[in-house]
Amino acid sequence: ATHCQATMPPYSLFLTLLCLPMILTAPLTDKEVQNRIVAVSKSKPELLSVAVSQADPDLLRAALTHAKPELLEKALTKADPALLAAALQDIDPEALITALTTSDGLLLTLALTRSNSNLLRTALSGK
């Protein structure tokens, strides 16, 4: 008999999250497919784990749906884990979408590596 693990490894959980929309909803756009490829194949495992385990699900969905793949790659390869978590919790979804679609890559990298979580949350709060 096999025993079910109490928790899924982040990678398995993320693959499950990636596949579920394909089964339940309309086909993914090219950008959504590219973003999922970036998330699975190019991200640092610890940053992918932060995104999957600590992000607000609606914000994670917004990032995977709207981000420019090259900006999402910067976020998932260069970010400080605590700052990535801050950027994916309790913020305005439109501010996150704007950051991941219109930011200069260098400025996004600086914000996710050298800022502090309170300042980053304030910038993304939309207030």
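Partly exposed describes a residue whose relative accessible area lies between the buried limit, under 20%, and the exposed limit, over 50%. The views below come from a predicted model.

**View 1. Salt bridge between D58 and R61 in helix α4.** The side chains of D58 and R61 meet with N and O 2.6 Å apart. Helix α4 spans residues 57-66, and because D58 and R61 are three residues apart in it, about one helical turn separates them. R61 has a relative accessible area of 46%, so R61 counts as partly exposed. The pair is one of two salt bridges in the structure.

**View 2. Salt bridge between E73 and K42.** The closest N and O atoms of this pair are 3.8 Å apart. The bridge links distant parts of the chain, with E73 in helix α5 (residues 69-78) and K42 in helix α2, 31 residues apart. Both ends are partly exposed: E73 has a relative accessibility of 28%, and K42 has a relative accessible area of 44%.

View 3. E32 is buried but has no salt bridge.

**View 4. Contacts of E32.** A polar atom of the E32 side chain lies 2.7 Å from the backbone nitrogen of T29. Leaving aside residues up to four places away in sequence, E32 touches P27, L64 and T65.

Key:
Residues numbered from 1 in each chain as written. Predicted model: local features only at pLDDT ≥ 70, side-chain atom pairs only at ≥ 80, totals over all residues. Heavy atoms only, no water. Buried < 20%, exposed > 50% of the residue type's maximum accessible area, 1.4 Å probe, protein only. Lys, Arg positive; Asp, Glu negative; His and termini not counted. Salt bridge = Lys/Arg side-chain N within 4 Å of Asp/Glu carboxyl O. Polar contact = N/O pair within 3.5 Å; in protein donor to acceptor, adjacent residues only side chain to side chain. Contact = heavy atoms within 4.5 Å. Helix = DSSP H or I, 4+ residues; strand = E, 2+ residues; numbered from the N terminus.
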